[in-house]
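Visitor: I would like to learn how to read the features of a model such as this one. Please take them one at a time.

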Amino acid sequence: MSNEAEAARISRALDQLIARDSEVGERAKSRVANIYGPTATSSLGTYDFSDSFAKRDQVSRRGDWVHRNWLRPIRFFYRHVPKPIRFAIKKLFA
Amino acid sequence: MNQFVVVTSAQGCTNKELLQTAQSLAASSTRPTHWVVVGGSFNLTKLSRHRSIKKATIEITDDLSVPTLERQSSTIVFLRAGDTISPDAISIIAQHTDQHDLIYGDSAHGRARKFEEPSKARRPQWSPERLRSHNYVGDLLAASQSVVAAAGGISTLATLHEHDRSLRLFEVCNTPHRIAHVLYHSSQERMVPTASLEAVQQHCTRTGIEATCTIDESMQSVRVKRRLRSQPKISVIVPTRGTTEVLKGNQVVLAAHAIKTLIDNSTYQNFDVIAVLDSVTPDEGRLAIQTAGGARLKIVDYDRPFNFAEKINLGAVCSDADLLLLLNDDTEIITPDALETLVGILEDQTVGMTGPMLLYEDMTIQSAGHILNPVPFDLYRERELTCTGAQHLLQVQREASGLIAACVLVRRSVFDEVGGLCTLFPFNYNDVDFGLKIQDAGHRVVWTPYAQFHHFESKTRTPKLQTFEVATIGARWRDKLEDDPYFNPHLERYIDIWKENVMGQRSVLDALGPTAPIASK
């Protein structure tokens, strides 16, 4: 096969892939629109992730220390103290 | 009206355990009509006379010829002796029995340690590959009478190992379903799924899977290694720009290193390599790649602005193999039989794409498949390889919603069917979209821990999410992003691990206890 013919074949094959992809994509889009409605997107008018995405940074800092054994009785005690004291502690830490 | 019959095997259990289960049935908001206790030598009359049971009017029997058991409308609930059913479990199951013939759900397990709340086993939706590895569905299964009959009947199923029972039931059911709700309570020891090698071997025989099965007793997981009927040709597609980096102390051209290690170390040798080179590739890089690939190599030049998806598609259309291995240039094969393992998974015609465990240079996890939470994450990224994951999630072959395109093996027919990688995602999410397209077309995507590759991607690399890419992935797959079937809606959102959504792990305030934040009071 000549270079031009091969290039044309590749170009055709790529176009076919793109056409097939947009067909699949359109079907997916109409399914999403059926579920959420055509305008069910974020305030920006398009889909985006919520601000909670920042949580990932928090958890990647590994907060496992709160499960250390010495903290368990304290947590247990805290959970069972009267509400006003619990609130006072919370306010203190806040 | 649908009637519920609870079936419990009393083999090896104590009176106390049986009574516990009985009391939970009596306390159920929708009570079963019968409780069939199979095996054991208990005095069921005495149990029936127990105050709470008597009041609840549940008929306790060991007689399998009760007419209700034959009724088509009956639902049979298998419950382990000693486990207690949640008060609302049967009424919740009843809401789903019209559409589904086999149901399982989440469970709560004892107290992990003093001062701790019971742990919960949150389960994914129907995952047949995972069920072959271990009994991830738990000990409570609710099946329609027809499914139970087709699987061998109550008397056979009740006394089987739970993994065996689950496999037999799932083989014959049509519409399995997970209910994301705690359906039963059990001991802490039952938190981790169990496995039976014999059960999986028999399952393979029944379903015509030609495989060698082995069990890891410590992890309670069975490996089903399929025998290859043939060794189909693979085209390894390596998109690269000839980058040079230091790997293990040596300066190497990444693509050349990936290709050379694959050729030298893989025990599967029926592959060619298609390197898609950017026009900016330096001559020395090109030469190194040519030397590494030798006669197997075909170079395809790419002279357009960077678009990862387009480069992969270009490589794919230039190949003639039935299987395509999409391989980043910053990778290296670890397990020599990785390609055999991946090809073996594709022996199952319902699997469209499969991928290995990817590890950083320091052997921490780079990717163990994607979760959509709703942001797509690589599960357990940067965790130690010794990390087993929730319910040994990382130790078993299982379905995933997506796989990182740094290393995946995909059927060519499937690649063409879904239109390859979407060129609307030049940088991010082309693999997420690809995985979802494959599943949307009815194929399964399977991740395996038994094939391992290095992916030397920088740990500090934070992919810059492009607004248009997020918008496009949301427009196409918002429903999938927000409810990943291989995740659970009760798990913590926006993180890359499988973690119960409870407070107590991130701040001092959270550590102090499960109370609402001050702002909400």
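Guide: Start with α16(B), whose buried residues are Asn430(B), Asp431(B), Val432(B), Asp433(B), Phe434(B), Gly435(B), Leu436(B), Lys437(B), Ile438(B) and Gln439(B). A residue is buried if 20 or more other C-beta atoms lie within 10 Å of its own, exposed if 12 or fewer, and partly exposed in between, with C-beta atoms placed from the backbone. Helix α16 spans residues 430-440 of chain B, and 10 of its 11 residues are buried. Helices (H or I, at least four residues) and strands (E, at least two) are DSSP runs, numbered from the N terminus.

This is a predicted model, in which local features need pLDDT of at least 70 and side-chain atom pairs count only at pLDDT 80 or more, while totals for chains, interfaces and linings use all residues. Residues are numbered from 1 along each chain as its sequence is written, and chains are lettered from A and ligands numbered from 1 in the order in which they are written.

Visitor: Which residues is Phe434(B) in contact with, leaving aside its neighbours within four places in sequence?

Guide: Contact means that two C-beta atoms, placed from the backbone, lie within 7 Å. With those neighbours set aside, Phe434(B) touches Ala405(B) and Leu421(B). Phe434(B) has 30 other C-beta atoms within 10 Å and is therefore buried. Gly420(B) is 14 residues from Phe434(B) in sequence, and their C-alpha atoms are 7.2 Å apart.

Visitor: How many residues of helix α14 of chain B are buried?

Guide: Helix α14 (residues 338-345) of chain B has eight of its eight residues buried, so it is largely enclosed by the rest of the structure. They are Ala338(B), Leu339(B), Glu340(B), Thr341(B), Leu342(B), Val343(B), Gly344(B) and Ile345(B).

Visitor: Which strand does β17(B) pair with in the antiparallel sense?

Guide: Two strands pair if DSSP finds at least two bridges between them. The antiparallel pairing of β17(B) is with strand β24 (residues 407-411) of chain B, over five bridges. One residue pair there is Leu327(B) with its bridge partner Cys407(B) in β24(B). β17(B) also runs parallel to strand β12 (residues 234-240) of chain B, joined by four bridges. Val236(B) has Leu325(B) as its bridge partner in β17(B).

Visitor: How is helix packing between the chains described?

Guide: By the angle between the two axes and the distance between them. α1(A) and helix α13 (residues 308-317) of chain B pack at about 125 degrees, with axes 10 Å apart. That angle makes α1(A) oblique to α13(B). Axes are lines fitted to C-alpha atoms, for helices over the stretch in contact, with angles from 0 to 180 degrees between N-to-C directions; under 35 counts as roughly parallel, over 145 as roughly antiparallel, 65 to 115 as roughly perpendicular and the rest as oblique.

Visitor: Which residues of α1(A) and α13(B) meet?

Guide: Ile10(A), Ala13(A), Leu14(A) and Leu17(A) in α1(A) meet Asn313(B), Leu314(B) and Val317(B) in α13(B).

Visitor: How far can chain A be trusted?

Guide: Where pLDDT is low, predicted coordinates should not be read in detail. pLDDT is the predictor's confidence in each residue, from 0 to 100. Chain A has a mean pLDDT of 78, with 70% of its residues at 70 or more. Within chain A, confidence is highest in helix α1 (residues 3-36), at a mean of 92, and lowest in helix α2 (residues 55-60), at 49. Chain A has four helices and zero strands, and buried residues make up 7% of its 94 residues.

Visitor: What kind of peptide bond joins Asn373(B) and Pro374(B)?

Guide: A cis bond, with omega about -25 degrees. Pro374(B) sits in the loop between β21 (370-372) and β22 (376-378) of chain B.
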